[in-house]
Amino acid sequence: MNDCLFCKIIAGEIPSRKVYEDEFVYAFCDINPIAPIHYLFIPKQHISGASEITPENAEIVGKIFTAIAKVAADENLGSGFRVVTNCGEDAGQTVGHLHFHLLAGTAMGWTVQAGV
Ligand code: 5GP
Ligand code: ZN
C-alpha cells in the first residue's frame, strides 16, 4: 500500500489539485485530462479496484457517488456528466487504487474498440 500513488496523494506526499474532500472521499483534477472537466474520486481507504468491492466495503461506493452528485451540483454540470471506472488491464486501469473518473464539459460519444 505504501507504494500506491493515490494513497500518497491522499497523504499529501504527492501534490494534487483538490476539488472535494470529506472523511472518506478525496477528489482531485486528473493530471492528464481527456475532457474539459476531468476529476478523480477516490476512497481514502485503499481498495485496489472495482473487482475488490465486497459487502464489507461497498458503502464507500455510495459515499463516492454522493460526493460526485454534490460536486456536479456545485459546478453546474446540469447538461451532463459521465462517471467511469476502469478495472484491470483490458479496461486500461493504470493506478491500482479504486477511482472514478468524472468527465464533463463537452458532449461525449460512446464507442469501445472491440472485436465484436
Ligand atoms: P486509469 O487509467 O487507472 O483509469 O486512471 C488513472 C488516472 O490517473 C489517469 O487518468 C491519469 O491521468 C491519472 N494520474 C496518474 N498519475 C497521476 C498523478 O500523479 N496526479 C494526478 N492528478 N493524476 C494522475
Ligand atoms: Zn492506495
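User: Lys-18, Glu-21 and Lys-44 are linked in a network of salt bridges. What makes the contact of Glu-21 with Lys-18 a salt bridge?

Analyst: This is a predicted model, in which local features need pLDDT of at least 70 and side-chain atom pairs count only at pLDDT 80 or more, while totals for chains, interfaces and linings use all residues. Residues are numbered from 1 along each chain as its sequence is written, chains are lettered from A and ligands numbered from 1 in the order in which they are written, and side-chain values use heavy atoms, with hydrogens and water left out. A salt bridge is a side-chain nitrogen of Lys or Arg within 4 Å of a carboxyl oxygen of Asp or Glu. In Glu-21 and Lys-18 the closest N and O atoms are 2.9 Å apart, so the pair is called a salt bridge. Side chains of opposite charge can pair when their charged atoms come close.

User: What does the salt bridge between Lys-44 and Glu-21 tie together?

Analyst: The side chains of Lys-44 and Glu-21 meet with 2.8 Å from N to O.

User: Why is Glu-21 called partly exposed?

Analyst: Buried means under 20% relative accessible area and exposed means over 50%, with partly exposed in between (1.4 Å probe, protein chains only). Glu-21 has a relative accessible area of 38%, which lies between those cut-offs, and therefore it is called partly exposed. Lys-44, with 26%, is partly exposed by the same rule.

User: How many salt bridges does the rule give, and what is known about Glu-59 and Lys-63?

Analyst: The count comes to four salt bridges. One of them joins the side chains of Glu-59 and Lys-63, at 3.7 Å from N to O. Both residues lie in helix α2, four residues apart, about one turn of the helix. Glu-59 counts as exposed at 60% relative accessibility, while Lys-63 counts as partly exposed at 28%.

User: Is His-97 buried or exposed, and how do you know?

Analyst: His-97 has a relative accessible area of 0%, and because this is under 20%, His-97 is called buried. His-97 is found in the loop between β4 (81-84) and β5, and a polar atom of its side chain lies 2.8 Å from the backbone oxygen of Pro-43.

User: Why is Ala-107 called exposed?

Analyst: Ala-107, which lies in the segment after β5 (100-104), has a relative accessible area of 77%, and because this is over 50%, Ala-107 is called exposed. The C-alpha atoms of Ala-107 and His-46, which are 61 residues apart along the chain, are separated by 32 Å.

Definitions and conventions: Helix = DSSP H or I, 4+ residues; strand = E, 2+ residues; numbered from the N terminus. Polar contact = N/O pair within 3.5 Å; in protein donor to acceptor, adjacent residues only side chain to side chain.
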